[in-house]
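Please keep the sequence and the 3D view open as you read.

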Amino acid sequence: MRLKIILAGLLLLVPAVASATGEIESLITDSDRARLEKFDAAKREGLAEARRGDAADVAILDGIAARSLLSFSDFDLTGNWQCRTIKTGGPAPLVVYSWFRCRVTDDGAGWRLEKLSGSQRTVGRFFTESDMALTYLGAFFVAGDEAPSYGAGEDSDQVGRAFRDGKESWRIEFPLPRYESKFDILEFRR
């Protein structure tokens, strides 16, 4: 009898899980799904190549990697943030950019990111992957151009995983970005 109750409870959970992931499953492109499947390998390769970079930049990367991951459950992403991109692997082993401005809003459908300054921009949405990770689907564009919608094409589509790594810090990690590198990190701080 106890087993029947547990199984019945599990069956009730299945529709909830399916609907929670349903929206992203209908949006994510095949190409971005493939990039996420290669997430760990791309991260390993990009970070290994980054070791050949400038010692000061490697120290910044090591500091980020050393942070413990925290739950998003009691964290509100909304607000203004400083953000910087770190590119690993590829033509240059490691590039750490300056801090720019980003904003996260909640439009009722969830958290939405806009990179507001710098020449390379992104705009997109977050989807809950787990308590410890969010999936980001966004669109890359150059300042001065109109931001495309996610799904507009492989040249602009972006996919990444967001991780909280401090009381007021978090990051998005992008496997196999379309341009310039093998693995990118977009770091955020208040």
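1. Glutamate 173 is found in strand 8, residues 169-175, where strands (E, at least two residues) and helices (H or I, at least four residues) are DSSP runs numbered from the N terminus. At 1% relative accessibility, glutamate 173 counts as buried, since buried means under 20% relative accessible area, exposed means over 50%, and partly exposed lies in between, with a 1.4 Å probe and protein chains only. The side chain of glutamate 173 makes a polar contact of 2.8 Å with the side chain of arginine 171. A polar contact is a pair of N or O atoms within 3.5 Å, and within protein one atom must be able to donate a hydrogen and the other to accept it, while residues adjacent in sequence count only if both atoms are side-chain atoms. Once its neighbours within four places in sequence are left aside, glutamate 173 is in contact (heavy atoms within 4.5 Å) with Phe39, Lys43, Val159, Gly160, Arg161, Phe163, Phe183, Asp184 and Ile185.

2. A word on how to read these values: this is a predicted model, in which local features need pLDDT of at least 70 and side-chain atom pairs count only at pLDDT 80 or more, whereas totals for chains, interfaces and linings use all residues. Residues are numbered from 1 along each chain as its sequence is written, and side-chain values use heavy atoms, with hydrogens and water left out.

3. For the overall plan, the protein has 4 helices and 9 strands, and from the N terminus on the elements run α-α-α-α-β-β-β-β-β-β-β-β-β. Of the 190 residues of the protein, 42% count as buried. Among contacts between residues at least 6 apart in sequence, 52% join residues at least 24 apart. The accessible surface of the protein comes to about 10,200 Å², of which 56% belongs to carbon and sulfur atoms; such areas come from the Shrake-Rupley method with a 1.4 Å probe, and for residues only the protein chains shown count as cover.

4. Leucine 186 has its place in strand 9, residues 183-189. Is leucine 186 buried or exposed? Leucine 186 counts as buried because its relative accessibility is 4%. Leaving aside its neighbours within four places in sequence, leucine 186 is in contact with several residues, among them Cys83, Leu113, Trp170 and Phe174. The C-alpha atoms of leucine 186 and tyrosine 97, which are 89 residues apart along the chain, are separated by 9.8 Å.

5. The torsion about the S-S bond of cysteine 83 and cysteine 102 is about 75 degrees, so the disulfide is right-handed. Cysteine 83 is buried at a relative accessible area of 0%, and cysteine 102 is buried at 1%.

6. Please look next at the paired strands, where two strands pair if DSSP finds at least two bridges between them. Strand 4 (residues 111-115) and strand 5 (residues 120-130) run antiparallel and are joined by 3 bridges, and the bridge partner of glutamate 114 in strand 5 is valine 123. The hairpin of strand 4 and strand 5 has 4 residues between the strands, and in this hairpin glycine 118 takes a positive phi near 95 degrees. Strand 5 is also joined by 10 bridges to strand 6 (residues 133-142), and these two run antiparallel. The bridge partner of serine 130 in strand 6 is alanine 133, and strand 5 and strand 6 form a hairpin with 2 residues between them.

7. Serine 71 lies in the loop between helix 4 (55-66) and strand 1, and it is buried, with a relative accessible area of 16%. The side chain of serine 71 makes a polar contact with the side chain of serine 73 at 2.8 Å. Apart from its neighbours within four places in sequence, serine 71 is in contact with Asp131, Met132 and Arg164.

8. Alanine 55 lies in helix 4 and is exposed, with a relative accessible area of 62%.

Technical notes. Disulfide = S-S within 2.5 Å.
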